[in-house]
Amino acid sequence: MIDTSEVHTYLVISKNSFIIYLFEIEQSKTLYYQKLDSENKIDNLDLDNLDNFLNENIFKIERLIGKFIKNIYIVLETENILDISLGLKKKNYEKKLQENFLENLLVESKDLLQENHHKYKILHMVINKYIINETSYFNFINDSNSDYLCIELNFKCLHENVIFEITNILDRYHIKIDKFLDLKYINDLFLDKDIDPTQKYFQVLNGLNENEINLVPKNNKKLGFFEKFFQLFG
C-alpha cells in the first residue's frame, strides 16, 4: 500500500488527448501513466469521452495505492483560458512601502479582475514587475521610500462553465479538484529544459515562480505574507 499523502494525481486534459499520472513525491518519480489520444481533433475540450477515460484508470490507480483517490490536480491545454494583463497604481500615504500595502494592492487587483470577469476563475495570478519611483523591479523592495506603488500583473482565467463540467465528472468518482493549472503557463516556465511533466507540475505547485500568487480558501489559516511565494485569500 502506498501512502497517499506522498503522491499527487495529475489529470491532463487537452483537445488532443487525456493523460493521467500518479506521482510519488519523495522519490520524485511517476508510478502510473496512461494516455488516450482523442479521435476528434476539435478546438474544444472533448469532455464527452473523459468519463470513459477516468473509468478505465481511476480504479487501476486505486488498486495500486490501496486507497480511494480523494484529490486531483487538473492540467488544461485549451484556448478557453483567458490571458489578461492588468496594471494598478496606488498612492502610498505612509511614505515607506510595507508588505501590508502591497498585499492590499494585490487584493484590489484580484477583486477588480473578478469584478470585470465574474464568470471566470483565476488559475494563475503572477506579478510581472513592480514600479517604484519610476524604476522597474522584479522583486518587492520593502521599506523603500515612495509616494506610489505600481504593479503589473498577468492572470490566467478559466470560464466557470468549463470548471463546472469537469468538476461534475470528477464528482462521480467522489474526487475533489485541488487546483486547475494552465499547461501553456507551466511549459513556458521550463523552456529549453528537459524535465518530466510530473516534476514540472509539482515544482509549479510548490512555488517555482516566486512572483506567482497562491490563492487559498478564505477559511484557511493565513500564513506569513512572504513565504517562498505569496498567498492571498481566494
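Thr9 touches Ile20, Tyr21, Leu22, Ile69, Asn71, Ile72 and Tyr73, leaving out residues up to four places away in sequence. Contact here means heavy atoms within 4.5 Å. Thr9 is found in strand 1. Its relative accessible area is 6%, so Thr9 is buried. Buried means under 20% relative accessible area, exposed over 50%, and partly exposed in between (1.4 Å probe, protein chains only).

The model is predicted: local features need pLDDT of at least 70, side-chain atom pairs count only at pLDDT 80 or more, and totals for chains, interfaces and linings use all residues. Residues are numbered from 1 along each chain as its sequence is written, and side-chain values use heavy atoms, with hydrogens and water left out. The pLDDT is the predictor's confidence in each residue, from 0 to 100. The chain has a mean pLDDT of 88, and 87% of its residues reach 70 or more. Over residues 225-229 the pLDDT is below 50. Beyond near neighbours in sequence, this stretch has 19 contacts in the model. Where pLDDT is low, the predicted coordinates should not be read in detail.

The chain has five helices and 11 strands. Helices (H or I, at least four residues) and strands (E, at least two) are DSSP runs, numbered from the N terminus. Of the 234 residues of the chain, 45% count as buried. Among contacts between residues at least 6 apart in sequence, 65% join residues at least 24 apart.

The largest nonpolar core has 30 residues. Such a core is a set of buried Ala, Val, Leu, Ile, Met, Phe, Trp, Tyr and Cys residues joined through side-chain atoms within 4.5 Å. Leu11, Ile74 and Ile166 touch the most other members. Two or more residues come from each of strand 1 (7-14), strand 2, helix 1, strand 4 (71-77), helix 3 and strand 9. Helix 1 gives the most, with six residues. Ile74 is in contact with Leu11, Ile13, Ile166, Leu170, Ile177, Lys179, Phe180 and Leu181, leaving aside its neighbours within four places in sequence. Another core, of 21 residues, lies apart from the largest one. Among its members are Leu106, Ile122, Tyr130 and Cys157. In soluble globular proteins, nonpolar side chains tend to be buried together.

Phe155 is found in strand 8 (residues 148-159). Its relative accessible area is 0%, so Phe155 is buried. Apart from neighbours within four places in sequence, Phe155 is in contact with Leu82, Asp83, Ile84, Leu86, Ser109, Lys110, Leu113, Ile122, His124 and Met125. The C-alpha atoms of Phe155 and Ile127 are separated by 9.0 Å. These two residues are 28 residues apart along the chain.

The structure holds nine aromatic pairs. Rings of Phe, Tyr and Trp (its six-membered ring) pair if their centres lie within 6.5 Å; planes under 30 degrees apart count as stacked, over 60 as edge-to-face and the rest as tilted. The rings of Tyr21 and Tyr201 have centres 6.2 Å apart and planes at 65°, so this pair is edge-to-face. Tyr21 lies in strand 2 (residues 17-24) and Tyr201 in helix 5 (residues 197-205), so the pair ties together parts that are 180 residues apart in sequence. Both Tyr21 and Tyr201 are buried. For Phe59 and Tyr173, the ring centres are 6.1 Å apart and the planes lie at 55°, so the pair is tilted. Phe59 is in helix 1 (residues 50-65), whereas Tyr173 is in the loop between helix 3 (160-171) and strand 9 (176-182), 114 residues apart. Phe59 is partly exposed, at 38% relative accessible area. Tyr173 counts as buried, at 12%. One aromatic cluster is formed by Tyr10, Tyr21, Phe23, Tyr33, Tyr73, Tyr201 and Phe202.

Charged groups also meet rings. The charged end of Lys89 sits over the ring of Tyr148, 4.6 Å from its centre. That of Lys91 sits over the ring of Tyr93, 5.5 Å from its centre. A charge sits over a ring if NZ of Lys or CZ of Arg is within 6 Å of the ring centre and within 35 degrees of the ring normal.

Asn133 has a positive phi of about 55° although it is not a glycine. Asn133 lies in the loop between strand 6 (120-132) and strand 7 (135-137). Phi of His174 is likewise positive, near 55°. His174 is found in the loop between helix 3 and strand 9. His174 is exposed, with a relative accessible area of 69%.
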